[in-house]
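Subject: Structure for your review

Dear colleague,

Please find below the structure that I am handing over to you.

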Amino acid sequence: MNQPVTVPAELDVVELRIPAKAEWVAVARLAVAAVANRLDFSVEDIEDVRLAIAEACTNVIRHATSPGQIDIRCEATLTELTVEVGGGAAVRLRADVRSEDGLGIIIIQSLMDAVEYRAEQSGVVLQMTKRVHAR
Amino acid sequence: MDIKVQVRESEHEAYVVELSGEIDVYTSPKVKDAITELIDQGHYNLVINLEKVRYIDSTGLGVLIGGLKRVREHGGTVNLVCTNPQIKKIFDITGLVKIFGIFDDEQSAKKALV
């Protein structure tokens, strides 16, 4: 009996590296929004992704111990977009609603479908996924 | 990308801060400076008009919260004008709808100050 062939959704990768400086965050969010626009996201979902990525970059900048770079990696399939944001600085792991950092984390967790942290040699990488919902 | 800040005096010693553009980690210091200057001059009843703001992040929210805290120490308040659903959503998910008065038009926001 023939088994149905499962065709994996094609994975496209877009990588971006920006200076860990406030003036470059707009570039990151525009670029990632452009990637999100390639998928079948609603305008609202693209706005969600745009803000979540900006919050992640801002978090890296706030905690940067020295001027460095922010690495952004987007993995896009037909059904979801996963964005990883990492830098040389530690990313705050817990939400503290008393601070702006806490607001940023709350925003990311509210707007994205899945949020994970991963410790790497270069620092903590924040991984966020937004799924395409049927419209 | 930039933020424009316009400050004007309104009735009953209230001041309106009209913002247009995007408020993020790069542009929010300009907004903070404008609000701080008003408070330092003794103006504690503010309307911050966000109708022409296309984008705000947690840094911008932090500036608004900081302003609200300072004016409240003097018995004042900050009311917001906001009609953009995406921005309203951010106030909603962060719980800030409970601490700011958010109005659909400037007249209502000013009226609620007195």
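The notes below turn to a strand of chain B and then to the confidence in chain A.

Please bear in mind that this is a predicted model.

Chain B

I begin with strand β4 of chain B, which covers residues 77-81. Four of its five residues are buried, and the strand is thus described as mostly covered.

Which strands pair with β4(B)? One partner is strand β3 of chain B (residues 45-56), which runs parallel to β4(B) and is joined to it by five bridges. Across this pairing, B:Asn49 stands opposite B:Val81 of β4(B). Another partner is strand β5 of chain B (residues 101-103), also parallel to β4(B), with three bridges between the two. Here B:Asn79 faces B:Gly101 in β5(B).

Helices complete the picture. Together with helix α2 of chain B (residues 58-72), β3(B) and β4(B) form a right-handed β-α-β unit. A right-handed β-α-β unit is also made by β4(B), helix α3 of chain B (residues 85-93) and β5(B).

Chain A

The average pLDDT of chain A is 85, and 79% of the residues score at least 70. Among the elements of this chain, helix α1 (residues 25-36) has the highest mean pLDDT, 97, whereas helix α3 (residues 100-111) has the lowest, 87. Over residues 89-98 of chain A, pLDDT stays under 50. For that stretch the model has 27 contacts beyond four places in sequence.

Yours sincerely

Notes:
Residues numbered from 1 in each chain as written. Chains lettered and ligands numbered in written order. Predicted model: local features only at pLDDT ≥ 70, side-chain atom pairs only at ≥ 80, totals over all residues. Buried ≥ 20, exposed ≤ 12 C-beta atoms within 10 Å, placed from the backbone. Pairing = 2+ DSSP bridges. Right-handed = clockwise from strand over helix to strand, strands pointing away. pLDDT = per-residue confidence, 0-100. Contact = placed C-beta atoms within 7 Å.
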